[in-house]
Amino acid sequence: MSNANTVDQIVSKPYKYGFTTDIETEKIDKGINEDIVRLISLKKKEPEFLLNFRLRAYSQWLKMKEPDWAELKYPKIDYQDIIYYAAPKQNQKKASLEEVDPKLLETFDKLGIPLSEQKRIANVAVDAVFDSVSIATTYKEKLAESGVIFCSISEAVSLYPELIKRYLGSVVPITDNFFAALNSAVFSDGSFVFIPKGVKCPMDLSSYFRINSGDTGQFERTLIIAEERASVSYLEGCTAPMFDTNTLHAAVVELIALDDATIKYSTVQNWYSGNEKGVGGIYNFVTKRGECRGKRSKISWSQVETGSAITWKYPSCILKGNGSVGEFYSIALTNNFQKADTGTKMIHVGSNSRSKIVSKGISAGNSNNSYRGLVQIGPQAENARNYSQCDSMLIGDKASANTYPYIKSNQPNSNIEHEASTCRISEDQLFYLQSRGIDFEEAVSMLVSGFCSDVFNELPLEFASEADKLLALKLEGSVG
Amino acid sequence: MTNDLIVQKWLNSIPEAKGILKNIQESGKQCVPKIGFPTHKEEDWKLTNLKRLSNILELNINTNKETNHQIDINNLPNPGKDYFRILLKDNGNPQDKIKFPKGIEPLTDSEIEKSIGQTLEECQCHKTWPIAINNSSINQILAFKVNENNLPGIEIIIPANSKDFNSKRILIHLEDNAELNLLEVILGSESSAQSHIIEIVMGKNSKLNHGLISLGGNKKSNLLSHIATQQKENSEYSFTFIQEGWNLSRLEPRVVQTSGNAKTNLKGLQICNNNDQIATHSFVKFNGPNGELDQLQKAIANDQSHSIFNGVIEVPQIAQQTKAAQLSRNLILSKRAQIDTKPQLEIIADDVRCSHGATISQLQEEEIFYLRSRGINNESANALLLKGFCQEILKNLPCNSTYWTANFNDLIKGSE
C-alpha cells in the first residue's frame with residue numbers, strides 16, 4: 001500500500017489530553033520510608049487501624065522483589081525518586097462544586113468529564129481523582145436516597161471505618177504482589193462504593209483519574225462491595241499529561257459480590273503512552289481482582305486499554321460461590337513502542353461456576369501486545385465451564401502479538417475451551433471497502449471496530465462509542 | 001542433601017568416556033553446575049516434580065549390567081523385511097558392529113565432532129539442564145546419514161537397565177532429497193532413567209516420518225528426552241510420539257525451519273495413569289517465510305496423574321505467510337488427576353495465519369449415551385471412545401509400530 005505518508009501523519013497526531021494544569025499543588029518530599037507512610041496517613045487523618053495496615057504493607061514491600069517474569073524490559077524504577085503524595089491546594093473539601101478551584105473544573109471540562117451541574121442529564125455520578133486526592137463526587141444525595149454509598153475512599157475511612165476495616169485488603173491482601181504491597185502502604189485516594197442488600201444502583205457510577213505532576217506516582221485504591229441481590233455498573237477513565245519521564249501508576253481495585261449480586265466494572269484507559277520514539281509515558285501496573293463470594297454472584301470486567309507506555313494487569317475473578325459467573329472482555333491496542341501484557345485469571349472454586357473470556361489484541365508500530373491468562377478449575381468446582389477466545393490483529397511487520405494461556409484442571413466434570421487466532425487486515429477487505437467508495441482510513445477503522453465488536457457490545461453505551469472513536473483515532477493510518 | 005550436592009556427587013560418579021565423547025563429556029561437566037539444578041522459579045520447570053528429577057541422579061550411570069529389561073530384548077518380534085533394526089544396549093561404539101543397509105552410512109568421527117550439538121544450538125536448547133546432563137554422561141552415540149530414498153525403515157530400540165541411568169545420543173543427517181521412515185522405541189525398566197537426545201538435520205526436499213514410542217512400564221522409570229530437528233526448504237517432517245507409563249517423563253520436541261518453506265507435523269499422545277507425571281514441551285520456530293505447522297497434542301489423565309503440555313510457536317518478522325495451527329485436547333478422567341496446558345504463540349510477522357486451541361473435559365455424555373442406546377455397555381462405550389481418541393494420533397506412527405501399541409487398550413481405563 002502506498003500510504004506510508006498517512007502513517008507518519010496520523011501516528012504523530014498529538015495526544016489530546018497531554019496538557020498540564022497550572023494549579024498550586026501540595027507535594028511531600030520525594031522517596032519512601034516509614035516516615036513518609038506515617039505522614040501520608042497523618043495528612044489524611046486516618047484512624048490507627050489504617051496506619052497499621054499501611055505500615056504492615058510497607059514492611060512487607062521491603063521484603064519483596066520487583067517481579068520480572070513478564071520480560072517487559074523497562075528501566076529500573078527508582079522508588080526513592082517518586083513523590084507519593086500530591087494534592088491540589090485547597091483548604092477543605094468543598095461543599096459544592098461552585099467552591100472548587102475553577103481551574104480544576106476547567107481541566108475536567110477539557111477532559112469532557114460531566115462534573116458540573118448542568119451536565120446532570122448525563123445521569124452518571126462521578127468521582128474525580130486529581131493526582132492523589134479525590135476532588136469532587138457528584139450526585140451523592142440522590143444516591144444516598146437509595147442507600148448507595150459512593151464517595152472517595154478517604155471519606156469512607158472517616159465515615160464508615162467498619163466497612164473499610166472489614167473489606168479492605170480482603171481480596172488483594174498486602175502480601176499479594178510487589179505493586180499491591182506498595183499501593184497498600186502509600187495509597188492516596190480512590191473510590192469507595194457500597195450497594196446495600198437488594199438495591200439496584202439507580203445510575204452508572206464513574207470515577208475519573210488524572211495524573212498531573214510528572215514526578216508523582218498515582219496509587220489509587222478502589223473498593224466496591226455489592227451486598228445480597230445488589231447490582232452496580234462502574235466506569236473508570238484515566239488520562240495524564242505528556243512528560244518525557246515515566247510515571248508509575250500502581251492501583252489496586254477490589255470487588256466483592258455477595259449472593260446474587262452483580263458488579264460490572266468497565267475501564268477505558270488512555271494514560272499518556274509516550275511519544276513515537278517510546279520516550280515517556282505511564283507504567284500502568286495495576287492489580288484488579290474481584291471475588292464472587294456469594295452464590296450466583298457475577299463479576300464482569302470490560303476494558304479498553306489504549307494508553308500507557310506499559311500496561312501490565314490481569315483483572316481477575318475468584319469464583320468462590322456456587323453458580324457464580326466471571327466475565328472478562330478486553331480490547332488492548334498498542335502502537336509505537338507501547339507494551340501491553342494483559343489478560344485475566346478465572347479461578348473456579350465453587351461448583352457450577354462459569355467464566356467467559358473474550359480478548360482482542362491489536363498491535364501496530366513496534367509495539368508488543370501479549371495476552372496472558374489463567375483458567376483454573378479446582379477439585380470442588382464440579383460442572384464448571386470456561387470459554388476463552390483470544391484474537392490478535394497485527395498491523396505492520398514490526399509489531400508482535402503473543403499469547404500465553406495457562407490452563408489448569410483438577411476436575412473431570414468440567415469443560416474448558418480455549419481458542420485463539422491471529423490475523424491482519426487483509427488487502428482484499430480493504431480493497432472491497434475502498435471500491436465501495438469508503439476511504440482508506442475509514443475502511444481500516446471499520447475493520448478494526450468490526451474485529452472488536454464482541455467486546456464493544458459489552459461496554460456501557462456511552463463508553464462504547466467513546467472507545468470506538470478512541471481506537472479509530474489511535475490507529476488511523478497505521479496500516480501501510 | 002541439597003540438590004547441588006547431589007549433582008556434584010553424580011558428576012563425580014560418571015565413568016569416563018572414551019574417544020570423541022571425551023571432550024563433550026568434559027564441557028558437559030563444566031556446564032551442569034553453571035546452569036544449576038532446575039527450580040520452580042523457572043517458567044519451564046514450574047510444574048515439574050523436582051523431587052523425582054533429583055532422584056534420577058541417585059541412580060548408577062551406564063553400568064550396563066544386562067538385567068531385568070521390561071521386555072525380553074533378545075526375543076523381539078521380527079521387524080519384517082521393510083525394517084532394519086538397531087538395538088542400542090551395549091556400551092561402546094555401536095557403529096562398529098552395525099552393517100547399515102545401502103544408502104545409509106555411519107558418520108565419521110570428524111563429522112560427528114563437527115555436527116554434535118549444532119542442531120541443539122539451532123533449536124535454542126543447547127544451554128539447558130537436560131542437555132548438559134546428557135552431554136556429561138553419554139557413553140554411546142549412534143550417528144548416520146541417509147543419502148537415498150526408497151530405503152528400508154530404521155527401527156531403533158533403546159532399553160534401559162534397572163536401577164540405571166542410561167544416556168544415549170543419536171545424530172541423523174538426511175541429505176537433500178533423502179527419505180526415511182524412523183521408529184524409535186524407548187523402554188523403561190525398574191527404577192531406571194533414560195536420557196535420550198536425538199539431533200536431526202534435514203536437507204532440501206527431504207522427508208522424514210518419525211515415530212517415537214516411549215513406554216515406561218509403570219516401574220518408577222524416568223525419561224528426559226530432546227528431539228531437535230532442523231529443516232531446510234521443502235523438507236517435510238512428521239513426528240508422532242507416545243508417552244506412557246513413566247514416573248516422570250519430559251519430552252521436548254524442538255523444530256526449527258531454518259529458512260521456512262517447510263512442513264512440520266507434530267502429533268503427540270500422553271497416557272497418564274497412577275501418579276505419573278508426563279510432560280511435553282514443544283518448540284517450533286520459523287526462520288523464513290511460507291512455513292507450515294500442524295500440531296495436535298492429546299492427553300488422557302487418570303488416577304492421580306499429572307499431564308503437562310507447553311507448546312511454543314515463534315513466528316519472527318521474516319516468517320511471513322506462515323500457517324501454523326496447534327490444538328491441545330485433553331481428557332481428565334479422575335478427580336485426583338491434574339492437567340496443565342499452555343499453548344504459547346509469539347508472533348511478529350503480520351501476514352500469517354496462526355491459531356491455537358485447547359480443551360479439557362471428560363468424555364461427552366451424549367456420545368456415551370449414543371453408544372449405550374446401541375446396546376454397548378458403559379465400560380465398552382468408554383473404552384471405545386478412548387480408543388478413538390488415541391487412534392487419531394496412533395494412526396500416524398510408521399506402520400511397523402502395532403506390536404508396541406497393541407496393548408494400549410488395556411492401559412486406557414475408562415472413567416471412574
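**Two chains, questioned term by term**

Student: What makes strand 23 of chain A and strand 18 (residues 338-347) of chain B a pair?

Tutor: They share six bridges and run in the antiparallel sense. Two strands pair if DSSP finds at least two bridges between them, so six is enough. One position to look at is A:Ile407, whose bridge partner in strand 18 of chain B is B:Thr341. Strands here are DSSP runs of E, at least two residues, and helices are runs of H or I, at least four residues, both numbered from the N terminus.

Student: How should I read the numbering and the values?

Tutor: This is a predicted model, so local features need pLDDT of at least 70, side-chain atom pairs count only at pLDDT 80 or more, and totals for chains, interfaces and linings use all residues. Residues are numbered from 1 along each chain as its sequence is written, chains are lettered from A and ligands numbered from 1 in the order written, and side-chain values use heavy atoms, with hydrogens and water left out.

Student: What makes a residue part of the contact of chain A and chain B, and how many does each chain give?

Tutor: Contact means heavy atoms within 4.5 Å. Chain A gives 31 residues and chain B gives 36. The area buried between them is about 2800 Å², with 44% of it from carbon and sulfur atoms. That area is the accessible area (1.4 Å probe) that two parts lose on being put together, summed over both.

Student: Why is A:Glu382 with B:Lys335 called a salt bridge?

Tutor: The rule asks for a side-chain nitrogen of Lys or Arg within 4 Å of a carboxyl oxygen of Asp or Glu. In A:Glu382 and B:Lys335 the closest N and O atoms are 3.6 Å apart, so the pair qualifies. The count between the two chains is four salt bridges.

The interface also holds 19 residue pairs in polar contact, both residues at pLDDT 80 or more. A polar contact is a pair of N or O atoms within 3.5 Å; within protein, one must be able to donate a hydrogen and the other to accept it, and residues adjacent in sequence count only if both atoms are side-chain atoms. On the chain A side, strand 23 (400-409) and strand 24 (415-424) each supply at least two residues. By class, that side has 11 nonpolar, 13 polar and seven charged residues.

Student: What makes A:Asp260 and A:Arg296 worth a look?

Tutor: Their phi values. Most residues other than glycine have a negative phi. Phi of A:Asp260 is near 60 degrees, and phi of A:Arg296 is near 55 degrees. Both values are positive. A:Asp260 is in the loop between strand 11 (252-257) and strand 12 (262-269) of chain A. A:Arg296 is in the loop between strand 13 (281-292) and strand 14 (298-305) of that chain.

Student: Why is helix 6 (residues 129-137) of chain B called largely enclosed?

Tutor: Nine of its nine residues are buried, so the rest of the structure largely encloses it. Among them are B:Trp129, B:Ile131 and B:Asn134.

Student: What makes B:Ser192 buried?

Tutor: Its relative accessibility is 0%, so it counts as buried. B:Ser192 lies in the loop between strand 7 (179-187) and strand 8 (193-202) of chain B. Beyond its neighbours within four places in sequence, its contacts include B:Leu59, B:Asp164 and B:Lys220. The side chain of B:Ser192 reaches the backbone oxygen of B:Ser189 at 2.8 Å.

Student: How many residues, helices and strands does each chain have?

Tutor: Chain A has 12 helices and 24 strands. Of its 480 residues, 64% are buried. Chain B has 10 helices and 19 strands, and 60% of its 416 residues are buried.

Technical notes: Ala, Val, Leu, Ile, Met, Phe, Trp, Tyr, Cys and Pro count as nonpolar, Asp, Glu, Lys and Arg as charged, and the others, Gly among them, as polar. Buried means under 20% relative accessible area, exposed over 50%, partly exposed in between (1.4 Å probe, protein chains only).
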